[in-house]
Amino acid sequence: AAMIVQAPLGDLRDPALFRAANDEFLLWDAFVAGKPRVSLAPLVLSASIHEAARTAAEAVIAATGRASIAAFSDAREAEKYGFSKDVLALARASFAASDDAQLARVDLLWTGSRFVACEVNADCPGGHNETVGLPILTRRASYASPERLAGLVDPTEVVPALVARIGALYRERASDLSEREGVVGLVYATAYSEDLQICAFLERELRRAGLPTRRLPVTALAVDASGDLCAYGKRIDVLYRYFPVEYMEGLPQGAAIADAIRRRRVRTIASFREAFIQSKRIFVGGRASENLAETYDFAAMDRRRLLADREAWVVKKAFGRVGDEVFVGPLHGDDEWRELVLEVARRAATGERWVAQRFVDQVPIPTPWGPRLVTLGAYVLDGKFVGYFARLSEKSHVSHDALVVPVFVQGRPVREVA
């Protein structure tokens, strides 16, 4: 099969595997509401499907990158995204400074003949712990039946590649200074343990690579007398941001942060210029790629078109995250759909940005739990594929309740067990 999910090679209810998930990979939320959020059931891709996904992800990033240029060069185009002046200031500062380090994850849906992207997570994509931990735990659990992973390889290198990229940014900044006294600052939303686990895991890998780090809340950032970004008395040479750009609206330090970026006193990843690519509005108009879902500005559409053909449409808030405020026509009845469309129309009239996207008719794949839909998240670092984050769901709406599984590709020897 082109894509298939094997039976789980282990169960995280096994105390040894559970401790490893918690202690080695900081996967503190393997279970949610008593149900597993992750599984050691390998998603296996054929070599040709892997190549198609890689090619599609890179094409989508190239197309959306080109589209974002229009938003930086034309104020009228930028206004269509509805960003606050604070968000625009940060994005424009990164653009002006060529502060363009990018880590994005493209969500790919399989139609049976091609991959179609429904959105791009470019502002602060997650999944770091799972991409490293789940393949390793799967290989460990395969000792009783090693033939199950024979001829397969884990294609995901996102964390090592990210560590190397941050190291390069740090050395670039430090080369201009007499001493390497600065650190890599990791900013995250301190109210969320799932955000902490990502930054804590990445921090450990950065330190193993010899890079000085400091985890911090965004409110700790300041600019010192020399114009450098700093926190807790340390100069921040690289800012790794796992903190959504829209959360920075109204932040008192926002203008100072933007100024430090503009003057190249700090480098960032993900760059604030990714705000436009994070918005689903970047897909409007097709953007010259067959891998982009057909997308329209909701405010410009005739509502009768959406109401008359409910099963053909998905309505999304342009700057939503993790499946929030995504309404899939085929999953609603006619009356409920009418109420949703009219409510979105009311909110769009107040200035909120929404899009209407053609429903992508996915082909389910075989799994131990029956046919499931797969959202194949393909990571792209500076335009190049670096791995996968896969989620399985019973319906065409992926959110927190999707099951995360490791991804392997057919055709090459499996790596040594870590």
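Which residues in helix 4 are buried? In this predicted model, the buried residues of helix 4 are V87, L88, L90, A91, A93 and S94. The points below describe that helix, its partner, a further helix, the nonpolar cores and one serine.

**Helix 4 and its surroundings**

- Helix 4 covers residues 85–96, and its 12 residues reach 16 Å from the first C-alpha to the last, close to the 16 Å expected at 1.5 Å a residue.
- The cover over its buried residues includes helix 2 (47–73), helix 3 (75–79), helix 8 (254–262), strand 13 (267–269) and helix 9 (275–278).
- After helix 4 comes S98, which has a positive phi near 55°.

**Packing of helix 4 against helix 8**

- Two packed helices are described by the angle between their axes and the distance between the axes.
- For helix 4 and helix 8, the axes come within 8 Å and cross at roughly 10°.
- Because angles under 35 degrees count as roughly parallel, helix 4 is roughly parallel to helix 8.
- On the helix 4 side the contact involves A89, L90, A93 and S94, which meet G254, I257, A258, I261 and R262 of helix 8.
- By type, the residues of this contact comprise 6 nonpolar, 2 polar and 1 charged.

**Helix 6**

- Helix 6 runs over residues 158–174, and its 17 residues reach 24 Å between the first and last C-alpha, close to the 24 Å expected at 1.5 Å a residue.
- Its buried residues are V158, V159, L162, V163, R165, I166, G167, L169, Y170, R173 and A174.

**Nonpolar cores**

- In soluble globular proteins, nonpolar side chains tend to be buried together.
- The largest nonpolar core here has 73 residues, and L43, L108, L221, F276 and L376 are those with the most contacts inside it.
- Helix 2 supplies the largest share of this core, 10 residues.
- A second, separate core has 48 residues, among them A30, C199, L211 and Y379.
- Neighbours within four places in sequence aside, L221 is in contact with V187, L216, L229, C230, A231, I236, L239, Q253 and I257.

**Serine 68**

- S68 lies in helix 2.
- S68 counts as buried because its relative accessibility is 3%, and the cut-off for buried is under 20%.
- Apart from neighbours within four places in sequence, S68 is in contact with F276, I277 and I282.

Key:
Residues are numbered from 1 along each chain as its sequence is written. This is a predicted model: local features need pLDDT of at least 70, side-chain atom pairs count only at pLDDT 80 or more; totals for chains, interfaces and linings use all residues. Side-chain values use heavy atoms; hydrogens and water are left out. Helices (H or I, at least four residues) and strands (E, at least two) are DSSP runs, numbered from the N terminus. The expected span of a helix is 1.5 Å times one less than its number of residues. Buried means under 20% relative accessible area, exposed over 50%, partly exposed in between (1.4 Å probe, protein chains only). Contact means heavy atoms within 4.5 Å. Axes are lines fitted to C-alpha atoms, for helices over the stretch in contact, and angles run from 0 to 180 degrees between N-to-C directions. Angles under 35 degrees count as roughly parallel, over 145 as roughly antiparallel, 65 to 115 as roughly perpendicular and the rest as oblique. Ala, Val, Leu, Ile, Met, Phe, Trp, Tyr, Cys and Pro count as nonpolar, Asp, Glu, Lys and Arg as charged, and the others, Gly among them, as polar. A nonpolar core is a set of buried Ala, Val, Leu, Ile, Met, Phe, Trp, Tyr and Cys residues joined through side-chain atoms within 4.5 Å.
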